[in-house]
Amino acid sequence: MPKLAYLGPEGTFTEEALRILAPEAERLPSANVSAALDAARRGEADGAVVPLENSLEGAITTTLDELAWGEPLLITAELLLPVEFSLLARQDAVISRIKRVFTHPAAITQCRNFIARELPDAVVVAAPSTAAAAQEVALPGSPYDAAIAARIAGEHYGLVELAAKIGDRSDTVTRFVRVSRPGSMPEPTGSDRTSLVAFLTDDHPGALLEMLTEFSVRGVNLTRIESRPTGDGIGRYFFHFDFEGHVADARVGEALSGLHRICEDVRFLGSYPRADGFFPQIKRGMADADFAEAEDWLTRIRTGRA
């Protein structure tokens with residue numbers, strides 16, 4: 001039975017994602033994303049599950065930075081989890097009497113309309129996480145009347161769900177990833193995603209375009225690009241890329257080789273099945289057989305057999 005660390009405490013959306021990604025795993029709650037990933041790096045856990053991006057809030061920058069620095073970790077799986085918030089309270093509570101609400105700032109943003117409509121007189125206080133908010137509300141003598149959190153948090157801490165699906169948008173999803181120490185990776189499925197981090201050799205006109213060209217000329221479609229500061233001063237950045245395909249695919253391997261030639265450093269973060277099951281359209285001349293035929297043609301020229 002694998003042990004997987006995750007962003008805790010018990011009752012977070014991350015725990016819900018872990019239960020889906022690895023229902024058989026022993027769960028190790030961690031104080032934050034960094035602690036969860038460090039548990040995997042130190043061998044205290046066999047891996048970790050952490051949030052990577054949200055369809056409304058964007059990238060989880062802590063996760064991006066943690067994957068870019070420190071001991072390498074590989075993404076082996078991803079999950080797109082619908083984010084559904086609930087209003088949770090102690091037994092016998094009623095919405096009309098709720099005056100103080102505890103929840104994470106992201107939940108405040110995503111449930112703004114419900115709060116304004118149903119809790120116009122309530123004071124909403126920011127919590128470290130939605131699960132921590134539910135945990136606090138469940139304590140005897142808590143100064144808070146209710147928490148906005150995942151339904152799973154109410155199950156953990158014995159709270160009643162006063163209202164369900166209170167987010168302003170019903171289509172909000174968070175992308176979670178499962179990571180582990182470097183080793184074997186998932187086999188290609190045809191519906192795969194690859195992630196990496198690239199560091200510029202130097203800042204010059206067209207530097208980003210040079211990196212993007214390595215993907216474009218090989219027909220590799222980017223699904224996400226994020227810039228993050230290196231910490232070496234204003235204007236110094238590195239880049240996170242997600243793109244279609246598996247490192248075993250010829251077009252992806254060629255793109256990675258090209259980046260390796262022009263970048264100061266490239267950190268491979270893994271190739272893994274896409275959660276949405278999307279199969280990309282491969283451009284003419286970019287299939288593995290096309291690369292193999294071209295290599296054979298070049299070999300014949302170099303050996304005088306053309």
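Reader: Is Ser 30 buried or exposed?

Author: This is a predicted model, numbered from 1 along each chain as its sequence is written, in which local features need pLDDT of at least 70, side-chain atom pairs count only at pLDDT 80 or more, and totals for chains, interfaces and linings use all residues. Side-chain values rest on heavy atoms, with hydrogens and water left out. A residue is called buried under 20% relative accessible area, exposed over 50%, and partly exposed in between (1.4 Å probe, protein chains only). With a relative accessible area of 10%, Ser 30 is buried.

Reader: With which residues is Ser 30 in contact, leaving aside its neighbours within four places in sequence?

Author: Ser 30 lies in strand E2 (residues 26-30); helices (H or I, at least four residues) and strands (E, at least two) are DSSP runs numbered from the N terminus. Contact means heavy atoms within 4.5 Å. Leaving aside neighbours within four places, the contacts of Ser 30 are Ala 5, Tyr 6, Leu 7, Gly 8, Ala 35 and Ala 36.

Reader: How many helices and strands does the protein have, and what percentage of its residues is buried?

Author: The secondary structure comprises 10 helices and 15 strands. Of the 306 residues in the protein, the buried share is 44%.

Reader: Among contacts between residues at least 6 apart in sequence, what percentage joins residues at least 24 apart?

Author: The C-alpha atoms fill a box of roughly 85 × 45 × 35 Å along the principal axes. Within the protein, among contacts between residues at least 6 apart in sequence, the share joining residues at least 24 apart is 75%.

Reader: How many residues apart in sequence are the parts that the pair of Arg 151 and Glu 161 ties together?

Author: A salt bridge is a side-chain nitrogen of Lys or Arg within 4 Å of a carboxyl oxygen of Asp or Glu, and the closest N and O atoms of Arg 151 and Glu 161 are 3.2 Å apart. Arg 151 is partly exposed at 46% relative accessible area, and Glu 161 is partly exposed at 31%. Because Arg 151 lies in helix H7 (residues 151-157) and Glu 161 in strand E10 (residues 160-163), the separation in sequence of the parts they tie together is 10 residues.

Reader: What is the N to O distance in the salt bridge of Asp 249 and Arg 251?

Author: Asp 249 counts as buried at 15% relative accessibility, and Arg 251 counts as buried at 6%. Their side chains meet in a salt bridge with an N to O distance of 3.8 Å.

Reader: Which residues are linked in a network of salt bridges?

Author: The count for the model comes to 20 salt bridges. One network links Glu 53, Glu 78, Arg 175, Arg 193, Arg 224 and Asp 242.

Reader: Which peptide bond is cis, with omega near 5 degrees?

Author: Most residues other than glycine have a negative phi, and most peptide bonds are trans. Pro 9 is placed in the loop between E1 and H1. The cis bond, with omega near 5 degrees, runs from Gly 8 to Pro 9.

Reader: What is the phi of Asp 92, which is not a glycine?

Author: Asp 92 is found in the loop between E6 and strand E7 (100-103). Asp 92 is exposed, with a relative accessible area of 75%. Its phi is positive, at about 75 degrees.
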